[in-house]
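Trainee: Could you take me through one part of this model slowly, namely the place where the two chains meet?

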Amino acid sequence: MNRNKVIMKATGLCKSFANNGGQNHVLNMIDLEIYDGDFTVIMGSSGAGKSTLLYALSGMDKPTGGEVRYKDAVISSLKEKKMAPYRIREFGFVFQQAHLVSNLTLFENVAVTGYLDRQMREKEVRERAKMLLESMNVEDAADRLPSQVSGGEAQRAAIARAMMNTPGMIFADEPTGALNKKNTQEVLDILTRINENGQNILMVTHDIKAAIRATRLLYLEDGRVTGEMPMAPYRSEDAKSREKQVNAWLSSMEW
Amino acid sequence: MKYVTLLKANIKSQKSSFIGILTLVFIITISMLAVISLWMNANAYENEQIDRLGYGDITYWISEIPDRDSLLTQIGNMEEVEKATAEDVLFFDEYHIYNSADAENKAHSGKDVLHMHVWTKESGYYIYHDNLTGINEDAEELADGEVYVSPAFASLYEAHIGDEVEVGIEEGKETFRYTIKGFYEDPVAGSALMGMKRVLLTENDIRRLEEMIHAAGENALAEVGSAIHLYKKTDSGVKLTDLQEALGKKTNLLQMSGFSYSKSTITGFMLILQNIFSGFLIVFVLVLMIVALLIVGHSISSSIEQDYVDMGILKALGYTRTDLRVVQSLQYLTAVLGGMLPGIPISAAVVKGIDKVTVTVVGILIPANLPVGASLLSLGIIIAVIMGFVFFKTAKIGRITPIRAIRGGAEDVYFKSRMTAQIHKTNLSFFLAYRQLVSGKKQYISACFVTALLVFFFSLTVRLDAWIGPDGKGLMDSFACARYDLGICYEEKDIRREVEALLEERGHITASYQYKLSRGFLNRKEYLMNVISAPEYYNILEGRTCIYENELVLTQLAADELGIGIGDDVKLGIGDKEKEFIISGIYQCTNDMGSNFGVTKEGYESFYDEEIDEFSYYMFYLLADPSGLDELKEALMDTYAEQLILDDSSWSGADAILTVISILMIFMFGIIVIFILVTVSLTGSKILYKEQHDLGIYKAIGFVSGKLRLAFALRFGMVSAAGSALGIVLSAYLTDPLANVILRVCGVSHFSSELSMFRMFMPAVVVTVLFLVFAYLAAGRVKKVEPGILIVE
């Protein structure tokens, strides 16, 4: 199978937590490659370490062993100051909760990320933030505070924020976990659309409806990647068949 | 038990609040008990010592009483008088102190009169240990040629044991030196702020000097006299002014040359410094108390928000609103008691320290023991006020319901503020800080008011410092009845001509006038009297200066004492004559603690039939350039030491009071720093705890700790800047009246400070910068907040 170039690579990735005097190995010597252009989805049973893997790859959390390379640079051992440019320009995050700064409006939440990027002028930041909010269909709520909008609107603003500096990779941790059906659909459509436009996405989910949007599925169990399934780019008319396909794959993984 | 478990858990989880409040109460306790001890002990001790030494309700210092015994009998027979006693005193107008450690053995000139008394072990005077730490019960007898002096000699003349006090009996004749054997406690004139000083000698020495003074006759530079102590009957309700009037009618006491002080005047003089010190400490304690309440209020509100869910759960488990309020109250009570208990013994040590530092200024060693009743009462009031406030603030616990708590508690919901400003790329930290500030204004209100109060208090001390001036000039000006740079008492005309030519050459004389300090009776009450030939130089506060011969000006204190005001008639008595005068104005002169008045030269001379000797007046000069005054004085003394007396408007107590004010300012500043630290760490820790989620988000999108810390510190900078502005406004309107109240005890009836821009804004800048720095340091924990806080597994 033809693969794009590797954009992110984990080697011997470990994450352990102290537990009653012992060690709980959540990630256990994971070797993993993430390819450019993919919409990679990590699935696994509850407690398998999906979110831990996502945060260890994104530099949000420090691994206890192994290394993570992003575009050939080791990022897993970077200190806060060295990591900051990656967070500003290379990585975007979408969490299960929107996690917007509570006293900034949706527009400001998006723009503030742009203000951190030295390469963009304020005018450009404002225009891009406006455009992104429009593309997420939340322009009407742009001047509202997070507490004044719905969960769906907040999550769409969070995606806009993640895209603000045109990052190399968007990390999404159960981005539809706290949303209702309608909002879930809208958020997944947005993620699919931006991936089609070339945006790399690494998403953790346990929702099959979200998983079918992937171009590559990974299965995590007991801190190891135990399965992988490439998929064709998502088309809405194929949704049912993709669901069956993913279900079958998950069954084979004993999900 | 149900309370104990929760109490322990609360203290553990809110350790920083606990320690902060404990610290505040600790400081308040020390300050409060120190002020109570200083105030009460000083007054009680001073009165006790005056009584013990046999000083009556009024003491008259009189020289050469022709028949002292019959005068005493005359006074003793008055119906208002319990008894009258007499003590031998030698009066010297001039004396010098020779420092033995000084290689040149240079003399310090005595700044006012010197009284010599006999010392025996039975005389009752306490002798201090050589290091001035306490009373030496086994003080040695004085030998002839030795002298005990008050500790004020140390601060005024840098005198040490072994130094010498020199007096002369006749001009140009032999002088006599007495070696300082030690220091004694002088509750009558021991304060360095009093001009008159007293020393103790052996009976032999006193008698020898007495004989020599008598032998010198009219040429004597000293006088043999008495201190007449007059006791009014304890059951007699007679006022001292009425008693003095009666004395004037029934005896010839008031016609004799001398002066008198009532017991309360002596006490007032002696305790000027303690009273100023105590006054400032009282204001300080009040400010600290308000600050502490603000901080406690903020701490309670934040704790309730922080523990909202826990409280809801506890309610679901069966804890009542009262139970939870009791736990909260116990928590604060523990902190209050935790601060109070160590504060009690330490306050005694602080008072002891203050005593030690100030003994050479105040002249007495004030007991450091705490007045039990008053201390307990004041501590009880502090507990009651804080706990009452805690009880009031914890009322909102009643509004917590289990269901509301479990559904999300008291999470912040921000609403748009009208004060919101758009966020910009440039100065992003500033704009974010401002946004955070206006979004959670309530959280910063306490910090804002704390700043305002601290700036206000700081300004009060700065204004006082400015008023006193760098070399005490301002203070001295307020003591003087009129402005002058140099005063000279000449002995002959030619010298005056020569000296004035020198003054003109070196400093350029802009004005000159004659001045005399004397005493007179207003409505039969004795006051210090200023006489000047150019009354336009009196420091007039109200009305106008005395222009005509039958007009006088007096201080507000004297006016209040006599119950008279501008336009009223008053009987002025000088010598054996009495005339009606009109009060033309109120003036400022702090001499004799503000109990004085001023007349024109013509008015004063109208009491005398013969011409007054021109050379009995001082000539006061105002110079265009007084910068070279010190050199000028030195030059004058080198050439004319024997022919003139200099008065440069310096005041014996200026150095002492400057030292005390410096100590006071350092102490206040230290406390202000601690309070800012506590305020920031308490408020800051709560805010940081509340905002850690947002901090996590900021970090996730690429903010580094430094930027977030800066934004956090800027918030406090903005709050303290706003508070400081309020503090400056408060100080502009309130410091002068407040300082007036405090300084009234030392006779300053009109305190008016003029500040340079630097001094006006300095407290605000210092406080703001301290807030900024402490907030930046307190925000160090931002480094520990990881974006991982956002992770939900």
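Mentor: What follows is a close look at the contact between the chains.

This is a predicted model, in which local features need pLDDT of at least 70 and side-chain atom pairs count only at pLDDT 80 or more, while totals for chains, interfaces and linings use all residues. Residues are numbered from 1 along each chain as its sequence is written, chains are lettered from A and ligands numbered from 1 in the order in which they are written, and side-chain values use heavy atoms, with hydrogens and water left out.

Contact, meaning heavy atoms within 4.5 Å, links 32 residues of chain B with 37 residues of chain A. The two chains bury about 3000 Å² between them, 57% of it on carbon and sulfur atoms; buried area is the accessible area (1.4 Å probe) that two parts lose on being put together, summed over both.

Between chain B and chain A there are two salt bridges, a salt bridge being a side-chain nitrogen of Lys or Arg within 4 Å of a carboxyl oxygen of Asp or Glu. Glu80(A) forms a salt bridge with Lys699(B), and their closest N and O atoms are 2.7 Å apart. On the side of chain B that touches chain A, helix 13 (428-439), helix 20 (654-700) and helix 21 (705-743) of chain B each supply at least two residues, and helix 20 of chain B gives the most, with six residues. Helices here are DSSP runs (H or I, at least four residues), numbered from the N terminus. By class, that side of chain B has 16 nonpolar, nine polar and seven charged residues, where Ala, Val, Leu, Ile, Met, Phe, Trp, Tyr, Cys and Pro count as nonpolar, Asp, Glu, Lys and Arg as charged, and the others, Gly among them, as polar.
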